[in-house]
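I opened the model today and kept notes as I went.

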Amino acid sequence: MFRGDLTDEEWAIIGGLLPPERGRWARPAGDNRLFLNGMLNVLRTGCPWRDMHERYGKWNSVYVRFRRWAEQGVWDALLQTLVDIGLTDDWQHMIDSTIVRGHAQAAGAKGGLVRKLLVDHAAVLRARSTPVVTIKDALLALSSPAEKHQITKP
């Protein structure tokens, strides 16, 4: 057992909640515990599936089983069961910036055509929303009170 892997007590609770896997006639299905440890390792470390440690098996097999369980609703059922038996308090979990990664554009990186179009569109909207300033208004703003009288005469 490696650091972060499920203990025997944890596996005794979770193991029965996971669906049994059937292998094809040519090869047997892998152990759910090994696959679950691989999934948890990837989710815990944030590494890409391809960089998953080899001790958990082939990365693609672990990923395919993870996706299959997600589509079948296994994760939702597992969490609901853990809530029902009182091992976790509710469904709410905290997510912060140490977990969620942003794209390079989120840090202000230079964008492509889409970014240029969005910036141009924003500039047009900004221009429409600003009041039109005439030459007369500009002169009034810059002049003294005596000169304003001269400018406003017809």
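Against which helices do the buried residues of H3 pack? I looked, and they pack against helix H2 (32–45) and helix H4 (74–84).

Ground rules first. I worked from a predicted model, where local features need pLDDT of at least 70, side-chain atom pairs count only at pLDDT 80 or more, and totals for chains, interfaces and linings use all residues. Residues are numbered from 1 along each chain as its sequence is written, and side-chain values use heavy atoms, with hydrogens and water left out.

**Entry: confidence.** I checked pLDDT, the predictor's confidence in each residue, from 0 to 100. The chain averages 75, and 56% of the residues score at least 70. H3 has the highest confidence in the chain, at 91. Helix H7 (residues 145–152) has the lowest, at a mean of 56.

**Entry: overall make-up.** I found seven helices and zero strands. Helices (H or I, at least four residues) and strands (E, at least two) are DSSP runs, numbered from the N terminus. Of the 154 residues, 18% count as buried, meaning under 20% relative accessible area with a 1.4 Å probe, protein chains only (exposed is over 50%, partly exposed in between). I also looked at contacts, meaning heavy atoms within 4.5 Å. Among those with a separation of 6 or more, 46% join residues 24 or more positions apart.

**Entry: H3.** H3 covers residues 59–72, 14 residues in total. From first C-alpha to last it reaches 20 Å, close to the 20 Å expected at 1.5 Å a residue; the expected span is 1.5 Å times one less than the number of residues. Its buried residues are Val62, Arg65, Phe66 and Trp69. Seen down the axis of H3, they fall within an arc of 105°, so they line one face. I took the arc from the directions from the helix axis to the C-beta atoms. Just after H3, Gly73 takes a positive phi of about 80°.

**Entry: H2 against H3.** How do the axes of H2 and H3 cross? They come within 10 Å and cross at roughly 90°. H2 and H3 are therefore roughly perpendicular to each other, a label for angles of 65 to 115 degrees. On the H2 side I noted residues including Phe35, Leu36 and Met39, which meet residues of H3 including Val62, Phe66 and Trp69.

**Entry: H4.** Which residues are buried in H4? I listed Val74, Trp75, Leu78, Leu82 and Val83. Their cover includes helix H1 (8–14), H2 and H3. Just after H4, Gly86 takes a positive phi of about 85°.

Methods: Axes are lines fitted to C-alpha atoms, for helices over the stretch in contact, and angles run from 0 to 180 degrees between N-to-C directions. Angles under 35 degrees count as roughly parallel, over 145 as roughly antiparallel, 65 to 115 as roughly perpendicular and the rest as oblique.
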